[in-house]
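Please have a look at the structure first, and then I will take the contacts group by group.

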Amino acid sequence: MNPLSTASAAVSTSLLEDFSLEMTGKDVAKLEEASRLIPLGTRINVTFLGNENLRMRLDAARAVKRLGFVPVPHFSARRLGSRADFEQFLGGLRADGTGTDVFTVGGDPARPEGPYEDSLALIESGLFQEYGVRHVGIGGYPEGHPAISGETLWSALRDKSAAIAAQGLDGSVITQFGFDVDPVLAWIERVRDEGIGLPVRIGVPGPAGVRRLLGYAARFGVGTSASIAKKYGLSLSNLMGTAGPDRFLHALAEGYDPARHGTVKIHFYTFGGLKATSEWIVQFTKEARA
């Protein structure tokens, strides 16, 4: 790990306070294995994948709560087959006390499987508020989206932010991951210029194999030019190696300005596993404070 200046180290550890993690509905055993490494009260997002069912999603949210963390279940708008499906999931979460914080995403299907075209439709339905949700997370794309134009993304972000406020809910933004700090910070500055004051959680990959990281990057349209890869610490000539976000977080600490960027935290995509990511966070924090 590269040595940090005292100021940069302080910012690095500050950014890691109240970090969040991501898991799938199938990762309960892995969460249990990693739980001793994760601070109590950590927000843990539970994804909404097409190969999982309602019971798995509810069980995962219960496990997060049982282990002392804050569950943040995902709702994939285009994967919800009906209003009844939407309410059944919300009702199950409410009954378990696991649905006060949620995250919304449009979802992968090109065509909606039910009445909800996008996450804005979920927010504007009023059902989140009706079922006791208090905080709604939405997605952000500093490097754009392979299937959605830039201006459409900005319009959607403005509309969702306004809808969250209109529903009397709290909200936040979680960004897609990237390997280059510069477009992320520039994007956050524009978010603030657009009048959007929601806290931002910057998506960061936990340590993982280079081949896997590049595969996810290709899928989501994340830049991986030779210069970006070198800056991040990815070896394009050694795809069997692994890489962590050390350099990214160091650069973020150097460029982050609370006056310009507002409230910023970190959200870890656990591509290399919950335990590996949690161990990395513990070690990074320890070295930054040394």
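Which residues form one aromatic cluster? They are F48, F75, F86, F89, Y116 and F128. Before I go on, please keep in mind that this is a predicted model, in which local features need pLDDT of at least 70, side-chain atom pairs count only at pLDDT 80 or more, and totals for chains, interfaces and linings use all residues. Residues are numbered from 1 along each chain as its sequence is written, and side-chain values use heavy atoms, with hydrogens and water left out.

Let me stay with the rings. The structure holds 14 aromatic pairs, where rings of Phe, Tyr and Trp (its six-membered ring) pair if their centres lie within 6.5 Å, and planes under 30 degrees apart count as stacked, over 60 as edge-to-face and the rest as tilted. One of these pairs is F19 with F268, whose ring centres are 5.9 Å apart and whose planes stand at 85 degrees, so the pair is edge-to-face. F19 lies in the loop between α1 (6-16) and β1 (20-23) while F268 sits in strand β10 (residues 264-269), so this contact ties together parts that are 249 residues apart in sequence. Helices here (H or I, at least four residues) and strands (E, at least two) are DSSP runs, numbered from the N terminus. Both F19 and F268 are buried, where buried means under 20% relative accessible area, exposed over 50%, and partly exposed in between (1.4 Å probe, protein chains only).

The loop between α1 and β1 also holds D18, which has a positive phi of about 60 degrees although it is not a glycine. D18 is partly exposed, at a relative accessible area of 44%.

Now to the charges. There are 15 salt bridges, counted wherever a side-chain nitrogen of Lys or Arg is within 4 Å of a carboxyl oxygen of Asp or Glu. Among them, D27 and K30 meet at 3.9 Å, N to O; D27 is buried at 13% relative accessibility, whereas K30, at 47%, is partly exposed. In another, K275 and E33 have their closest N and O atoms 3.6 Å apart, and this pair links helix α13 (residues 274-289) with helix α2 (residues 28-34), 242 residues apart.
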